[in-house]
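This report describes the fold of one chain, the contact between two chains, and selected elements and residues. The sequence and structure are shown first.

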Amino acid sequence: MKRIVQALLVLLLVSLMLFVMLRIVPGNPVAVLMGEHANQATIDRLTAELGLDQPIHVQFFRYLSGAVRGDFGTSYSLGKPVSELMGTAFVNTLLLSLAAALFAWITGGLCGLLAAIRKNSIPDRLFMGFSLLGISMPVFMVAMILQYVFAYWLHWVPISGTADWRSFILPAVALGWNSAGSIARLVRSALLDTLEEDYIDTARAKGLGKSGVLFRHALRNTMLPTVTMMALQLSALLSGAVITETVFSINGIGRLAVQAITARDIPLLQGTVLFSTAIVIFGNLVADFLYTVLDPRTRKEA
Amino acid sequence: MNKRIQKKGICLILVLAALLTGILLAATAGAEEAGLLRTAVTYDITTMDVAKTTEDYMIPMNVFDRLFETRMEDGTAKLVPSLCTEYKVSEDGLTYDFTLREGVVFSNGNPLTASDVQYSFERLLVLANQNTDIPLEVVGGQDVMDKKAETLSGFSVTDDTHFSVTLKAPNAGFLAELSSPAMSIVDQESMSDGFGVDPAAMIGTGPYLVTERITNDHYTLVYNDKYWGAEPSVKKLVVRVISDANTQNLMFQNGELDLIDLDKQDSAIVQSQYKTVYADRIVSVRKVGLTFLALNESNEYLKDVRVRKAIGMALDVDTMIAALYNGDATRENGIIPTGAWAHNDSLEGFAYDPEGAKSLLKEAGYEDGQISFELSMDSTATGSIQLVYQSISQLLDKVGIKATVKSYDHAAYLDLRGSGKMDAFIARWLLDYNDPANIMLTFFGSADNTLHRSLNYPDAEIIARVAAAPAIVDDSQRMAEYQALEKKIIGEDAAWIPLFEDMHLYCLGSRVASFTPQWAGFSDFYVTDVVLKD
């Protein structure tokens, strides 16, 4: 309960900070919305119509009262309710993030596992090289390379969009490779550490086979930090797919946020930032919960 | 055991990889449907309603018609009849009698009547959002906008196909204004709250219907079989929203786009790739617009006409555009751009003369490099315009003027410019309709206008003449007046330094036989101008 109250306070603080920041920076969003050809009288008239000439506290409470009812206003740049736009975008972001997370978890987990089992072998070096590449290459570069090779050159998948499930393959790999690299390295090092523990020797001494030792004892203890990382990564993927969504033209939350910033679309920006904040907070709550489920010691301490 | 586990893992990876590859290889692109045209835009449209936008004209231009259209013929924009077949202007230039084309119906089957035209004019005023300027010229326009009247008193419907419009003051550019997408004719009977948002509500007389619009993804237009004009080659248009220019580029090369707007591409890619690999597929049209260096006369240095003229003489515009635009731009010397009515070909611009510029600065008392001001740049400026900024800064530096380029976020840029306090900046204006009043009034039509455009042009007499010019009924007199004003404002006062007009380039995919881009004041185009291969 305490955690939930804390989460709500963080959300309130973020919305207040964002609201104030967006209004103290120079620039009238209506002037951006109206475009080059609008005259000053039109800009002034619409500024008043949108209530942007009212005192900031009046605007904030109006926004807050709408937000608690799920009404984030209407996007200036897309002309539709923010909640409707975010609803559609969230589905795409969720699909992309889940696909990226699955790629990261499966690939990263398997690479880490095999690298640990064959420590210092050629497969170990190959898998760790793969993970290092994922961690060190910027997402936009990975995206562009994948796009060029698999979509433009080989014609295997579409270059962009969300027309069918194949469209999500490249974005998922581009977005998930970095996480896969982190997971692979974490699984490898955690597994190697665990295999050095005394209780592993005890298990071996009791005559348990290598696979039994690995899956029943070593891997289970390795899961603790890995699962926590996976949960945190999923929330990061959900809130941080900005570049991937832009390069692959996926109508997701990240792309909406970019559009909102460019167009100084205050309602849309507030909606997307608040949403991303909520996702990160939720991810942290889930990670905490999983930690207590997987590690009985933390339950006792709690 | 270790090896067994490793083998299992490797097998699992191989199976997954094989499965994925199989799926991918199985996915081959099918043949494109006949009559389909695919193109892309960088940003999605805000609205499909012309009453609420001055920029998103693709749907208004293709789903609706206007009384007249502006088309390019031999490089010049010409006014052609559309829904109006005949018109007559009274001798005092105040009243226009129009005859509508017979037999035109909206896409829902409703016949087009003069009442629909009246409703379309009044709707702009009732909504009081964008594009109110033109209907405000009609007698009673202000009353409708102020909710003091429900109908335009200056609009009189005689019968279904005849009506007359009376203006508050003569405006020789009125017919040209009626060709602006802003003056699209809508169906009064089917008008609903969903207009502008719901594709089904977009009922027009134009060649296409909107069948689908997915925000930030794509929209689709299909041929309207009730269209009164010739059947177009393109039966279906899909416009994808692809914000990344490089992705658009790859899609075009991959055959996923049939038409690409090269304005959105990096100029280096246009030169190195499109101008070489696709040279025979590039089509271009004048933008009928002007790029210029705006100078604020309220600045302590720029208020001196000698300093402004020296700036004009310090800029080697010809070399600049040759280097940056590689033949896709022409030098401009005034206010009215090439291709627009009343453009003056014989106008002489500022000759490149750095020594002369230094002499002028010396005469003005600034021989020791005291002059410094900010050259403000919009952060959304294209790569080419950013290079123009750098070139200008360097060229001015050579004559002892320190012009520091500073980039602003788009909203902050508009705010500073609107406050009238921006020192100097590069601006571009594309004509909304083919009449010099469009550009003249915007920048020099009132003291307020010159303030909000950060020009602060101080000559009240000239401002009054600019405001009065549209009322000159005689075309030759009006042209002479605009050209005289242009000579005074630019030639004598150097209120801004004209730079160039660049071309709008498009590249055609292998499925497109031809495309004749027409009025290019807008970035949007008439889909009927595209002809696909059989």
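Of the 302 residues in chain A, 43% are buried, where buried stands for 20 or more other C-beta atoms within 10 Å of a residue's own, exposed for 12 or fewer, and partly exposed for values in between, with C-beta atoms placed from the backbone. The model is a predicted one: local features need pLDDT of at least 70 and side-chain atom pairs count only at pLDDT 80 or more, while totals for chains, interfaces and linings use all residues. Residues are numbered from 1 along each chain as its sequence is written, and chains are lettered from A and ligands numbered from 1 in the order in which they are written.

Chain A holds 14 helices and 0 strands; these elements are DSSP runs, helices being H or I of at least four residues and strands E of at least two, numbered from the N terminus. The C-alpha trace of chain A spans about 85 × 55 × 30 Å along its principal axes. Among the contacts in chain A with a separation of 6 or more, 71% are between residues 24 or more positions apart, a contact being a pair of residues whose C-beta atoms, placed from the backbone, lie within 7 Å.

Between the chains, 48 residues of chain A are in contact with 45 residues of chain B. On the chain A side, α2, α3, α5, α7, α10 and α11 each supply at least two residues, and α5(A) gives the largest share, 6 residues. By class, this side has 22 nonpolar, 19 polar and 7 charged residues; Ala, Val, Leu, Ile, Met, Phe, Trp, Tyr, Cys and Pro count as nonpolar, Asp, Glu, Lys and Arg as charged, and the others, Gly among them, as polar.

Two helix pairs are set out below, with axes fitted to C-alpha atoms over the stretch in contact and angles running from 0 to 180 degrees between N-to-C directions.

| Helix pair | Axes come within | Crossing angle |
|---|---|---|
| α7(A) and α7(B) | 11 Å | roughly 10° |
| α5(A) and α6(A) | 8 Å | roughly 145° |

The axes of α7(A) and α7(B) cross at roughly 10°. That makes α7(A) roughly parallel to α7(B), a term for angles under 35 degrees, with over 145 being roughly antiparallel, 65 to 115 roughly perpendicular and the rest oblique. The contact is made by A:M144, A:Q147, A:Y148 and A:Y152 of α7(A) with B:N246, B:L250 and B:Q253 of α7(B). These residues divide into 4 nonpolar, 3 polar and no charged.

## A buried helix and a buried loop residue

In helix α12 (residues 253-262) of chain A, 7 of the 10 residues are buried, so this helix is largely enclosed by the rest of the structure. Its buried residues are A:I253, A:G254, A:R255, A:L256, A:A257, A:Q259 and A:A260, and their cover includes α5, α11 and α13 of chain A. Just after α12(A), A:R264 takes a positive phi of about 50°.

In chain B, B:N296 lies in the loop between β13 and α9. B:N296 counts as buried, with 27 C-beta neighbours inside 10 Å. Leaving aside residues up to four places away in sequence, B:N296 touches B:L302, B:M422, B:D423, B:A424, B:S454, B:L455 and B:N456.

Methods: Contact = placed C-beta atoms within 7 Å.
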